[in-house]
Amino acid sequence: IGCGMGNLVEELRKKNIDARGIEISSYALEKAKDSVKPYLSYGDITDIPYDDNSFDLVVTYDVLEHLERSHLQRAIKESIRVSRRWILHKIYTRENKLIHLLHAKDHSQRSVLTQQYWLNLFKYIPNITVSSKGIRLPELFESLFLLEKNPNIASSV
C-alpha cells in the first residue's frame, strides 16, 4: 500500500512472489517501469480495491504518517481487512530522530506521532495483536509495527 513506482513490488516479483501494489499518486504510477505497471493500480488506503483476505502480507512503508488523524483507524482497518494474517507498518514517529537530520521538513507528514500513540491505536482495533517477533532497529532510525490478524475471527473490519 503506497507502492510509489513499484520498486518493492518489482523486487518481490523477481523472487516469484505474486506481489501487487496500490498507489494514490497518478504521477508515481505513470513513472513506474513498464514491466511492473501491470501489477500496480490506483488505490486509496482508506478504501483498498481488493477483497477480504487477499494477501499473506500487507506492507506500508512511510505511508500512515501522511494521513490526517481522522483517517488513521480506517486505513489500518483496511490494511487488516485485505490481509490473511500479517500486516507490517513502518511509520515515522517522533522517536525517529534521524529523519530530522537526514531529511528536509516534509509538510505532507500530518501524523508524526509517538510510538505509544500507534500502539494505543492498534490496541483498540479488533482482531489483531501487535507481534514482538522480528528484528528491531533502534527507534532512533525507524518504528516498525508487525500486526498479526487473529485467524479465528472472520474479517469484519
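Visitor: How many salt bridges does a search of the whole structure find?

Guide: The search finds 11, a salt bridge being a side-chain nitrogen of Lys or Arg within 4 Å of a carboxyl oxygen of Asp or Glu. This is a predicted model, in which local features need pLDDT of at least 70 and side-chain atom pairs count only at pLDDT 80 or more, while totals for chains, interfaces and linings use all residues. Residues are numbered from 1 along each chain as its sequence is written, and side-chain values use heavy atoms, with hydrogens and water left out.

Visitor: What makes the pair Asp 52 and Arg 81 a salt bridge?

Guide: Their side chains meet at 2.9 Å, N to O, and the cut-off is 4 Å; the pair therefore qualifies. Asp 52 lies in the loop between strand E2 (40–42) and E3, and Arg 81 in helix H3, so the pair ties together parts that are 29 residues apart in sequence. Helices (H or I, at least four residues) and strands (E, at least two) are DSSP runs, numbered from the N terminus.

Visitor: Why is Arg 81 called buried?

Guide: Its relative accessible area is 12%, and buried means under 20%, exposed over 50%, and partly exposed in between (1.4 Å probe, protein chains only). Asp 52, at 37%, therefore counts as partly exposed.

Visitor: What ties strand E6 and strand E4 together?

Guide: Glu 148 forms a salt bridge with Arg 85, with the closest N and O atoms 2.5 Å apart. Glu 148 lies in E6 and Arg 85 in E4, so the pair links parts that are 63 residues apart in sequence.
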